[in-house]
Amino acid sequence: MDEMQEIIKTYVIKEYVEDDTELTYDSPLISGGIVDSFSMVSLKRFLENKYNIAIPDDKATPEAFDSVNKICALVREYVK
Amino acid sequence: MSNIGSYDERVKNFDWKIAEKELDYKPGNIINIGWYCSDRICEKGYGNKPALIWEGSTGVEKRFTYNDLRLNSNAIGQFLRGLGIKPEDRVCLFMDKIPELYIGFLGILKMGGIAQPLFSAFGDESLFVRLDNAQTTAIITQKKHAPKVRKIMEKMPYLKHLIIVDADPAKPLLDREVAFDMEKAEKPEKFDIHPTYAESPSVLHYTSGTTGQPKGVKHVHYSLISQYLTSKWVLDLQNSDIYWCTADPGWVTGTSYGIIGAFSSGVTQCVLDAGFSADNWYRFIEKHKISMWYSAPTAIRSLMKAGDEVIKKYDLSSLRHLASVGEPLNSEAVLWSEKVFGKPFLDTYWQTETGSIMITNFPGMKIKPGSMGKPFPGITATVIHPETFEPFNETGKIGLIAIKPGWPAMMRTYWRNEETYQKKFKNGWYLPGDRSSIDNEGYFWFVGRDDDVINTGGHLVSPFEVESALLEHPAVAESAVVAKPDFVNMEVVKAFVTLKPGFTGSKDLDLEIMNFVRKKLSPLAMPQEIEFIDTLPKTRSGKIMRRILHAKEWGEEIGDTSTLEDD
C-alpha cells in the first residue's frame with residue numbers, strides 16, 4: 001500500500017460509492033459500474049488538481065481508469 | 001430478406017391493422033403489454049426459448065426463458081397487489097440493468113400499475129422532482145440505491161413502499177421498507193392479469209425541457225402496436241435473432257425496444273450490466289453471437305476512439321443488422337461501421353414523447369450517411385416554417401420537424417401538465433422540437449434542436465435544472481448553462497458561473513461544484529466545464545442571454561445583441 005493508492009481509493013469511495021461496497025485497489029471501477037463515463041471527468045479533474053498534472057484526454061480511457069492501481073500507474077507517468 | 005421488404009410498397013399499403021392482426025388484437029379487446037411480452041409468447045409454444053440472457057459486471061450470468069419471464073412477472077405482480085398497490089398507481093423502477101428491472105416492468109403492467117422507470121444514476125434532487133410529480137406509490141430498488149431514496153423519504157408522504165430486491169437479511173429494514181427476493185418468491189402459475197385496454201396508462205417516462213421541471217410523458221398499452229411493428233420493420237427482429245439493445249430502461253429506448261419491442265417479438269435478448277469498455281463489448285458480442293445490435297452514437301464514437309485493432313481480436317461475424325438512436329449519427333460513424341463491421345449503423349429518429357421510431361433508415365434502403373432516413377410507413381412527417389407552421393413547398397429548406405398526430409405509441413399527455421402538452425401542437429402538427437431539412441429524394445437531414453435543451457450522449461438535460469442546482473451551491477451567485485460540442489457525446493454541459501462575494505474561482509472550487517451537481521442531479525447533468533466570469537450577458541430586462549454563450553462555445557455568429565444590457 002502506498003499513499004497515492006490510499007488517497008485515490010478514499011476519494012473514489014467518498015465520491016462515487018453509494019452504499020457500503022468494499023473496494024480494493026484492483027476493484028473494477030468503470031467496467032464494474034462504480035464510476036460511469038461522465039463521472040470519469042470529475043475523477044480526472046481531481047487527479048489533475050491533486051497531483052498538479054495534466055492528463056491528456058486520449059490517455060484518460062475507461063481502461064486506464066478501471067481500478068485504483070491502473071489510475072496510480074497513469075498518474076505516475078505525469079508526476080514530475 | 002428483411003422483414004419490411006419494399007419500403008415504397010409498405011408506405012402505399014400501410015395500415016396499423018397489420019400489427020393488430022399479427023398480435024391477434026381486435027379494437028376494444030383487452031391489451032396488456034405485460035401479457036404480450038411473456039404469456040402470449042409461451043402460448044405460442046416458445047415457453048422454453050431463452051428470453052433474457054443477463055451478464056453482470058463480474059461476469060455472472062443469469063438466463064430466463066419466456067416461461068421464467070411469465071412466472072417471475074406473475075410473482076412481482078402478485079407481490080405488488082399484496083402490498084395493496086392498485087391499478088394506475090405509479091410504481092418506480094430505480095435499478096441498474098438487472099433482471100428485476102426488466103421483469104419488474106412486466107409485473108407492474110400485469111397488475112395494472114403504471115411503470116415509472118428512472119435512471120439509477122439520478123441524484124436525490126432529480127429523483128425527488130420526478131417522484132413528487134408522479135405522486136409515486138412504490139419504488140423498487142437495490143440496496144445500493146436505497147440511501148438516495150431514504151434521504152428524501154420524509155418529503156414523500158404518498159410513497160408507501162420502498163421495495164428492496166437484494167436486501168441484506170442481517171440489516172433491519174426501516175419504516176415503509178420491504179424486501180422482495182425474486183429468486184425465492186412464490187411464482188404463481190396463474191395470475192389474474194389486470195384487464196387493461198388500449199387507452200389504459202402503461203408507462204411514465206420523464207424528459208427534460210428548456211424551462212420548468214421535467215415532464216412525465218404518459219404512454220398507454222396500445223403503444224405496443226407501434227413498438228412491435230417498428231421492431232419488426234426497422235430493427236428487423238427475426239425469430240432466430242440474438243438481440244442486444246444497449247440502452248438503459250431508465251430511458252425510453254430501454255423500455256420501448258429493450259423490453260416491449262424485444263419480448264413482444266419473442267426474440268432472445270442479451271443484457272450487459274457493466275460499464276463501457278470496447279474490449280468487453282466486443283467480447284460480449286462474440287460470446288453471445290449477437291445478430292441485431294441497437295446502440296447509440298455516443299457508444300459508437302467511443303468504439304471508434306478505441307481504434308480498429310481491438311476489433312481484430314474478436315469474431316463479430318454474427319452481426320447481421322445494426323441500428324443507432326439517441327442523437328444524430330454522423331456520417332463518419334456510419335462509414336466507419338461499414339468499414340469495420342461490414343455493415344452500416346442505421347440511424348433511427350424518435351423521442352420519449354413519440355414512443356416509437358418515427359423517421360429512420362430501413363434495411364435494404366439506400367443509405368445516405370448522416371441522413372435520418374425517411375418516415376416510418378403510416379407516419380406523416382414533414383418540415384414546416386418556424387413562424388407560419390406551414391410545410392415548405394420546396395426541398396432543402398431548414399425548418400421544424402412536424403408529425404401528424406395519431407400513431408399508436410404517441411404520448412397521451414404530460415402527467416399533470418396538459419397545458420405544456422397542448423403547446424407541442426401547432427396547426428395540426430406535433431412538433432418534436434428539432435430542426436431539419438428534406439432533400440429531393442425525401443430523406444430528412446437533422447440540423448439541431450429548436451430550444452436550449454442539451455443532448456448529451458443521447459440524453460436530454462435541461463439547462464434550467466442544472467442552473468437551479470448550481471444556485472444551491474453556497475459560492476454561486478448566478479449561472480447560465482449551455483451545450484458545448486464534444487466528439488463522443490455530441491454535446492456536454494458547460495456552466496458559466498458568477499460567484500458570491502468572498503469566493504474566488506479556483507480548480508478546487510470548480511471540482512467541488514461539479515461534484516455538487518453530479519450528486520444532486522446526475523453524472524449526465526454535471527458540467528464538464530465551468531467558467532467563472534464576472535457578469536453574465538443579460539437583456540435590459542435582466543434575462544440571461546444563453547444564446548450568446550452558446551454561440552461563443554460553438555464558434556457561431558452572436559447575432560442580434562440589440563437587447564443586450566451593456567450594449
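Predicted model: local features only at pLDDT ≥ 70, side-chain atom pairs only at ≥ 80, totals over all residues.
With 23 C-beta neighbours inside 10 Å, B:Lys520 counts as buried, the threshold being 20 or more. B:Lys520 sits in helix α16 of chain B. Apart from neighbours within four places in sequence, B:Lys520 is in contact with B:Gly123, B:Asp124, B:Glu125 and B:Ala469. The C-alpha atom of B:Val466, a residue 54 positions away along the chain, is separated from that of B:Lys520 by 9.5 Å.

The next level is the domain. Chain B is divided into domain 1, residues 7-436, and domain 2, residues 454-554. The C-alpha centres of the two domains of chain B lie 30 Å apart. Their contact draws 24 residues from domain 1 of chain B and 21 residues from domain 2 of chain B. On the domain 1 side, α7 (124-134) and α12 (297-306) of chain B each supply at least two residues. The biggest contribution to that side is from α12(B), with five residues. By residue class, the side of domain 1 of chain B that touches domain 2 of chain B has eight nonpolar, 11 polar and five charged residues.

Chain B also meets chain A. Here the contact takes 23 residues from chain B and 20 residues from chain A. Two elements of chain B give two or more residues to its side of this contact, α8 (146-150) and α16 (507-520). Of these, α16(B) gives the most, with six residues; this is the helix that holds B:Lys520. The side of chain B that touches chain A divides into nine nonpolar, seven polar and seven charged residues.

A sheet is the next feature to follow. Nine strands of chain B form an open sheet with mixed pairing, in the order β2-β1-β11-β10-β12-β13-β14-β15-β16. At its edges stand β2 (61-65) and β16 (374-375) of chain B; each has a single partner strand, so one side of each is left without a neighbour in the sheet. Within the sheet, β13 (residues 321-324) and β14 (residues 345-349) of chain B run parallel and are joined by three bridges. One pairing to look for is that of B:Ser324, whose bridge partner in β14(B) is B:Asp347.

Finally, the chain as a whole. The secondary structure of chain B comes to 17 helices and 28 strands. Its radius of gyration is 23 Å, close to the 24 Å that the globule rule gives for 567 residues, so chain B is as compact as a globular protein of that length. Taken along the principal axes, the C-alpha atoms of chain B fill a box of roughly 75 × 65 × 50 Å. Of the 567 residues of chain B, 51% count as buried, and B:Lys520 is one that does. Among contacts in chain B between residues at least 6 apart in sequence, 68% join residues at least 24 apart.

Terms used
Residues numbered from 1 in each chain as written. Chains lettered and ligands numbered in written order. Domains from an automatic or database assignment. Contact = placed C-beta atoms within 7 Å. Helix = DSSP H or I, 4+ residues; strand = E, 2+ residues; numbered from the N terminus. Nonpolar A, V, L, I, M, F, W, Y, C, P; charged D, E, K, R; others polar. Buried ≥ 20, exposed ≤ 12 C-beta atoms within 10 Å, placed from the backbone. Pairing = 2+ DSSP bridges. Rg over C-alpha atoms; globule rule 2.2 N^0.38 Å.
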